[in-house]
Amino acid sequence: MAEKNNGKNNFIAQAGILAAAGIISRIIGLLYRSPMHAVIGDLGFGYYSSAYNYYTIILLISSYSIPSAISKVIAQKLAVKEYRNAHRIFLCALGYVLVVGGVAGLFLFFGAGLFVSGEAIPVLRTFAPTVFVYGILGVLRGYFQAHKSMAQTSVSQILEQIANAVVSVGAAYLLIKGVMGTMEVPADEAGQVTRATHGAIGSAMGTGAGVLVALLFMLGMYGLNKNIIHGRIRRDRHTNVEPYSNILKMITMVVTPFILSTAVYNLSSTVNNDIYTKRFPAIRGISSVEIYSRWSGFSQALTISNIPIAFASAIAAAIIPSVAQLVAARDEEGTRETIGLAVKTTMLLSIPCAVGLFVLARPVTSLLFPSNTQEGENLATALLMALALSVVFYALSTLNSQALQGLGRLNMPIINAGIALAVQSATAVGLLFFTDLDLYSIAIANTVYSGVMCLLNQRAVRRASGYRQEVIRTFLVPALASAFMGAAAWAVYEGLLMLTRSPKISVVIAILLGACVYFVMLLLFRGVNEQELRSFPKGYLLVRLAKKMRLLG
């Protein structure tokens, strides 16, 4: 297991590997959501989405933040070549997640009724074993990420999604077929509920299967690198061996802020779910079946809008060990350069994605969720357009949350997320109960939350590191290039649609040509220079292409 550390910008290349895997995983996730939605229907998708939100919160509290937290503390030991202590941290972290993950899994199974009601309870219980398994997977991923090796995590993410896709659709189909005897949707409401419940349970089983496959792969990778790992430990001449009690205390002190920050940060969707599916129906007199069917449309839009944030999450995962090592080495200038480059790279990708989702919202929704009714497609399209701006806000706030943790400001993301959550909740309640915006209230509240988090985190990082982000080439130029890209993509899509009558062909070509237009305009407006372009994954190919097009000197 080679430790890759070839300069301050190397984390961009590693983040690119992780981002590519993240985007591929999100695409696989979206592709299987369509057949899954077709199998379980709007009602089943509503049950699944509601249960998944609460499963996510328990996962966040118990083990989701483990990779980031473990990579930070292990990276600090690797920076001073304390390989024995690094491995002791790894072993202690495994013990930690076995206990915490086991307790969380049992709590989710027996306490499912505290979070959801009725038919969503057995769906939520199906997620319980996954919480336990994910903790072990998270420690293994964090261990490799601390060595600045993202390939193992990347491959495991793709395998996880492939297994998830196959089992989610297959298990849902088999359960519905086995219980109902047919795939036809019953005419009576009781039959529809029974069908939807078993379909959602089958889909939830896919999540656990995916995590289990990823864990088996990561265990295999650890086994392959075991001799290298133990060879480093044997050659370690440091005499200050940390006691396990001290390590466990350190892990608890580091992991707890990570967990709280991530949990509060991601509590937004759960609070929105609770307000809309539990509080709102009681006021407006809407049935449970109707409310969950509507929520399905918002879940579709939110799922699509989360795709571009995969790159920001990858940059965030890569930046923690890099910043932690620079801070440990007291390299303040290197820390500022690394954060600045990470922010710029994130904006170069998230801004055009947000514009693209806005102008191509209908064909993208139709492509990914073709089983929608016309009414469902209209709702998901409009909600996706309303959520487009949040893509930029979430990308930047996600990155800065992790940067603050790498800088040692572990409590700031928690405070900022708490403030943003309070503002969002007040916005959602006010708009839902005093206007007729319905689900658009949730979309607006979601954007408000991400915007507040973005501003607060950006200010906190500036104060913690002393850096000031360059504005014109980081924000304004990508926005201008994205405007040209959006106009071109929309024109190409509409033109091809008239010629081919095929939305799928038209939108795929429009996206590809839009990306080309963005690349050209970004270089024409001097948004990136040659050195920055080379720091991207396969950057030398981009530089060669740009020079052939006479866009670089």
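Which side chain meets Lys77 in a salt bridge at 3.7 Å, N to O? The side chain of Glu82 does. A salt bridge here is a side-chain nitrogen of Lys or Arg within 4 Å of a carboxyl oxygen of Asp or Glu.

Some ground rules before I go on. This is a predicted model, where local features need pLDDT of at least 70 and side-chain atom pairs count only at pLDDT 80 or more, while totals for chains, interfaces and linings use all residues. Residues are numbered from 1 along each chain as its sequence is written, and side-chain values use heavy atoms, with hydrogens and water left out.

Back to the salt bridges. The structure holds seven. Lys77 and Glu82 are both buried. Buried means under 20% relative accessible area, exposed means over 50%, and partly exposed is in between, with a 1.4 Å probe and protein chains only. Lys77 has 15% relative accessibility, so Lys77 counts as buried.

Lys77 has another partner. Its side chain also meets Glu242 in a salt bridge, at 3.8 Å, N to O. Lys77 lies in helix 2 (residues 66-79) and Glu242 in the loop between helix 8 and helix 9 (244-284), so this pair ties together parts that are 165 residues apart in sequence. A word on numbering: helices (H or I, at least four residues) are DSSP runs, numbered from the N terminus. Glu242 counts as partly exposed because its relative accessibility is 26%.

Next, Arg362. Arg362 forms a salt bridge with Glu377, and the closest N and O atoms are 3.2 Å apart. Arg362 sits in helix 13 (residues 361-368) and Glu377 in helix 14, so the pair ties together parts that are 15 residues apart in sequence. Arg362 is partly exposed, at 36% relative accessibility. Glu377 is buried, at 14%. As for a network, salt bridges that share partners join Lys77, Glu82 and Glu242 into one.

Helix 14 brings me to Gln402. Helix 14 spans residues 374-406, and Gln402 lies in it. Gln402 is buried, with a relative accessible area of 15%. How far apart are Gln402 and Ser68 in space, C-alpha to C-alpha? The answer is 8.2 Å, although they are 334 residues apart in sequence.

Now the aromatics. Rings of Phe, Tyr and Trp (its six-membered ring) pair if their centres lie within 6.5 Å; planes under 30 degrees apart count as stacked, over 60 as edge-to-face and the rest as tilted. By this rule the count is 20 aromatic pairs. Take Tyr54 and Phe115. Their ring centres are 5.9 Å apart and their planes are at 35°, so the pair is tilted. Tyr54 lies in helix 1 (residues 10-64) and Phe115 in the loop between helix 3 (83-110) and helix 4 (120-126), so the pair ties together parts that are 61 residues apart in sequence. Tyr54 and Phe115 are both buried.

Phe90 and Tyr143 make another tilted pair, because their ring centres are 4.5 Å apart and their planes are at 35°. Phe90 is in helix 3 and Tyr143 in helix 5 (residues 128-146), so to speak of distance, this pair links distant parts of the chain, 53 residues apart. Phe90 is buried, with a relative accessible area of 2%. Tyr143 is buried too, at 3%. There is also a cluster: ring pairs link Phe45, Tyr48, Tyr52, Tyr55, Phe127 and Phe369.

Two arginines sit over rings. The rule is NZ of Lys or CZ of Arg within 6 Å of the ring centre and within 35 degrees of the ring normal. Arg88 lies over the face of Tyr244, at 3.9 Å from the ring centre. Arg125 lies over the face of Phe109, at 5.5 Å from the ring centre.

Which residues of helix 8 (residues 226-235) are buried? They are Ile229, Gly231, Arg232 and Ile233. Their cover includes helix 3, helix 5 and helix 7 (189-224), counting contact as heavy atoms within 4.5 Å.

Last, the surface. Val155, Leu159, Ile162, Val166 and Val213 form a nonpolar patch there, with about 360 Å² of accessible area together. Patches are made of residues with over 30% relative accessible area and no salt bridge; like charges are joined within 9 Å, and nonpolar side chains (Val, Leu, Ile, Met, Phe, Trp, Tyr) within 5 Å. Areas come from the Shrake-Rupley method with a 1.4 Å probe, and for residues only the protein chains shown count as cover.

Helix 6 (residues 151-180) gives the most to this patch, with four residues. Val155 is found in helix 6. Val155 counts as partly exposed, at 36% relative accessibility. As background, an α-helix has 3.6 residues a turn, so residues three or four places apart point the same way.

Technical notes. Helix = DSSP H or I, 4+ residues; strand = E, 2+ residues; numbered from the N terminus.
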